[in-house]
Amino acid sequence: MAGVSASEPLRRFLQVARGAGLLVSAAEGIDAARAVDLVGFEDRTVLKDTLGLVLAKTPDEKARYDEAFELYFRRGEFDAKHDDPAAERSDASGPAVSDGMGGQSLGSLLADDDRAALATAMEQAARASGIENIRFFTQKNLYARRIMERMGLRALERDIEALRQSATPDGLGRARFLSGKVESLRDSVRDFVERNLLLFARGDSEKFREDLLKSTRLSNIDRRDLDRMRVLVRQMAKKLAARYAHRKRRRLRGQLDTRRTLRRNMGWGGIPFITVWKQRRIEKPRVMVLCDVSGSVAAMSQFLLMFLYALNEALADIRSFAFAGSLIEVSEILEKQPIEPAIADIMSTIGFGSSNYGNSFADFEDGWMRHVTKKTTVIILGDGRGNRADPRTDVFGRLSLRSKRIIWLNPEYRSAWGTGDSDMYRYAPFCRLVTVCNTLRHLERAIEDMLEDAV
Amino acid sequence: MDDAARAGASPLASIDAVERGLSRAGYIANRQISTAVYLSHHLQKPILVEGPAGVGKTELAKSVAAWLKLPLIRMQCYEGLDESKALYEWKYGKQLLYTQILKDKINSVIGVADTLAAALDKLHAFGDVFFSDQFLEPRPLLRSLQEPDGAVLLIDEIDKSDQEFEAFLLEILSDYQVTIPEIGTVSAMVTPIVLLTSNSTRDLGDALKRRCLHLHIGFPDEKLEARIIASRVPGIDARLLRQLVSFVQQLRALDLKKVPSVSETIDWAKVMLLLHTSVLDVDLVRDTLNVLLKFEADIEAAGKELAAITDKARQVV
């Protein structure tokens with residue numbers, strides 16, 4: 001087991017696996033090489049199981065790995081297949097042309113219709129031009145061009161040009177034949193590059209897209225990205241919940257709780273047979289969320305509700321409210337129904353009207369103020385635009401006094417606060433924190449801060 | 001070294017040997033599972049086993065231990081588990097008791113010393129005794145390193161433990177050694193085979209996952225499940241066996257809160273054996289369904305399909 005080295009095919013496969021979105025570190029690469037040394041390449045299923053055990057760490061990654069493995073090890077078979085269309089086309093376009101001339105290697109390969117040799121040349125050219133570094137679909141043409149050039153396209157083009165210049169009927173026919181061949185070659189190269197893009201870059205472009213989505217303003221996100229967004233939101237909520245919902249108390253190792261130790265050991269005359277260590281209780285956050293679903297934030301509220309839904313699943317002690325003109329509690333709707341109907345239900349009950357913050361806060365005071373305690377964190381998601389109705393800061397002030405703190409997440413940029421009918425600056429003094437929150441990333445950070453503080 | 005020596009006559013010489021050995025111990029493994037055990041031994045890496053409850057994650061560790069005739073050391077994880085429960089603890093009570101007993105003898109130890117320094121010197125020689133192996137209570141992790149012939153260490157339901165504990169495990173999982181401040185670093189005499197199980201109630205850290213082989217055990221297919229039942233419930237009639245496996249497989253396709261796992265199929269097969277059944281029939285199934293399904297809502301939901309599923313299962317010959 002001394003000379004462990006990642007053999008060439010394995011090294012390339014690891015690259016493919018990374019492309020498919022698996023996180024393969026250098027250490028895992030070494031493990032994979034050791035494992036392959038042990039089992040060898042002969043038995044495909046054993047190899048697949050082996051690498052799967054070393055590389056893929058979640059069911060999701062397992063699925064991606066399986067796909068990548070199949071794609072990569074099937075690649076050998078592409079070659080024969082992928083010249084077929086080219087062959088058919090050449091049969092149709094250039095039926096009666098004499099041979100001879102040859103000379104140039106690519107030209108002769110094309111003329112002889114030597115598919116195996118062409119495929120090999122293409123593989124070599126692709127490898128030389130670093131196809132495994134391809135990342136985005138916009139690079140397709142670039143790589144296709146590079147491969148063609150490495151295969152000797154320039155020389156061939158010069159030849160064709162020379163044949164055209166010669167102006168003999170034979171030369172012209174041959175030029176036409178060859179340029180037809182070049183066209184079909186170009187198609188197969190592009191096809192080849194596309195397959196490689198799929199192989200090497202799918203994970204990356206997926207990740208790129210997710211990163212982009214996380215930092216796009218929620219109101220600008222397309223409908224078609226909704227599903228992806230939902231997955232992201234759920235992941236995020238689950239992550240947050242796993243981190244904070246789990247622990248209730250933490251033992252402070254090495255700090256003796258003298259008082260309780262003495263008490264426990266009274267029976268032995270105070271000789272401390274049983275030690276008691278200090279503990280710190282970690283409070284679970286008690287959260288009330290008020291979410292604006294009025295027309296002015298309609299594009300946002302979809303996502304806010306989505307997040308509210310996810311949070312509802314994650315945290316035990318949370319009550320949710322939605323408001324526009326007036327306010328209702330939606331905890332039950334979110335709890336009992338799946339996400340889509342729940343959101344639709346809320347929006348149809350109360351959504352899309354013009355918002356009246358003052359009225360909604362008054363509703364809250366009437367119905368639920370008595371449930372607010374010194375331990376409650378109140379989160380308000382909204383733009384603070386009350387359509388020039390009375391903002392009822394008196395109610396808001398009382399809420400602020402009763403609760404532990406109020407956090408206001410506003411989807412508008414700071415520059416827009418206080419303009420027009422925005423009452424943001426009137427509410428702000430009563431809030432512990434007022435912050436801009438219009439991307440998924442903002443939302444995550446805000447919630448994280450809140451949970452951190454709850455300790 | 002000893003690894004090579006073991007590999008020579010080792011029952012772990014090839015993947016097939018692992019598969020045969022496990023089946024002798026009563027565990028019917030698929031190819032992937034035996035590959036994992038084989039690799040784990042040769043690469044000296046722990047296996048992280050994930051999968052739904054009752055597919056035989058814990059059973060795998062038991063069978064490996066039984067087959068290799070190694071002691072199985074099991075550590076059940078739970079919230080709040082810390083190193084004093086997992087690794088080692090000083091026998092505090094014993095230390096205290098000894099000092100109390102020896103209190104009166106203290107004069108004879110330091111009696112002749114005139115100065116404080118001399119007395120302290122004598123005490124120093126004495127004091128180290130209290131932090132030696134005699135007063136060390138080894139917990140599962142340390143015990144697994146101290147076994148002279150190696151051991152199978154099962155760290156059960158690692159996802160139930162805290163994140164801090166997971167980080168603490170990293171040293172033992174990658175280097176098979178632990179550091180005890182008063183004594184020093186203890187390394188494994190023979191590298192133990194380590195299995196961790198997880199029901200994925202929370203995501204494990206990347207650092208932990210990176211150090212392990214990741215084995216996902218799902219529900220077995222019909223053929224494999226039949227073999228498993230046959231090995232676990234020996235006396236069962238072959239036709240009944242096929243019928244009940246087919247029934248359970250169909251049940252898993254329904255939309256249930258908790259689908260029946262392999263261990264529940266085994267229980268059900270035992271019930272059938274006890275009742276001297278030779279053929280499935282709807283009434284019997286209805287009466288014994290609570291062995292398979294553990295939620296009232298599930299039993300209700302399955303109740304409607306029962307006749308159809310039983311019929312289909314009876315077609316199997």
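Predicted model: local features only at pLDDT ≥ 70, side-chain atom pairs only at ≥ 80, totals over all residues.
Residues are numbered from 1 along each chain as its sequence is written, and chains are lettered from A and ligands numbered from 1 in the order in which they are written.

**View 1. The open sheet of chain B is built from five strands in the order 2-5-8-1-9, with parallel pairing.** Strands, like helices, are DSSP runs numbered from the N terminus (E, at least two residues, for strands; H or I, at least four, for helices), and two strands pair if DSSP finds at least two bridges between them. Strand 2 (72-76) and strand 9 of chain B are the edges, each with a single partner strand, so one side of each lacks a neighbour in the sheet. From one strand to the next the twist averages 20°, angles being taken between N-to-C directions, from 0 to 180 degrees, with axes as lines fitted to C-alpha atoms, for helices over the stretch in contact. Helix 4 (residues 57-68) of chain B packs on this sheet and touches strand 1, strand 2, strand 5 and strand 8 of chain B, its direction making about 170° with that of strand 5 of chain B; contact here requires C-beta atoms, placed from the backbone, to lie within 7 Å.

**View 2. Strand 5 of chain B (residues 152-156) pairs with strand 8 (residues 193-198) of chain B in the parallel sense over four bridges.** Leu153(B) has Val194(B) as its bridge partner in strand 8 of chain B. Strand 2 of chain B is joined to strand 5 of chain B by five bridges, and these two strands also run parallel, with Met75(B) bridged to Ile155(B). Four of the five residues of strand 5 of chain B are buried, so the strand is largely enclosed by the rest of the structure; a residue is buried if 20 or more other C-beta atoms, placed from the backbone, lie within 10 Å of its own, exposed if 12 or fewer, and partly exposed in between.

**View 3. Strand 9 of chain B (residues 213-216) has buried residues pointing both ways.** Leu213(B) and Leu215(B) point one way, while His214(B) and His216(B) point the other. In a regular strand the side chains alternate between the two faces of the sheet. Strand 1 (residues 47-50) of chain B pairs with strand 9 of chain B in the parallel sense over four bridges, and Glu50(B) stands opposite His216(B).

**View 4. Helix 12 (residues 222-232) and helix 14 (residues 262-274) of chain B pack at an angle of about 50°, their axes 10 Å apart.** That angle makes helix 12 of chain B oblique to helix 14 of chain B, since angles under 35 degrees count as roughly parallel, over 145 as roughly antiparallel, 65 to 115 as roughly perpendicular and the rest as oblique. Glu225(B), Ile228(B), Ile229(B) and Arg232(B) in helix 12 of chain B meet Val262(B), Thr265(B), Ile266(B) and Ala269(B) in helix 14 of chain B.

**View 5. In chain A, six strands form an open sheet of mixed pairing in the order 5-4-3-6-7-8.** Strand 5 (327-329) and strand 8 (433-436) of chain A are its edge strands, each pairing on one side only. Strand 3 (residues 286-292) and strand 6 (residues 376-381) of chain A run parallel and are joined by six bridges, Met288(A) having Val378(A) as its partner.

Note on methods. Contact = placed C-beta atoms within 7 Å.
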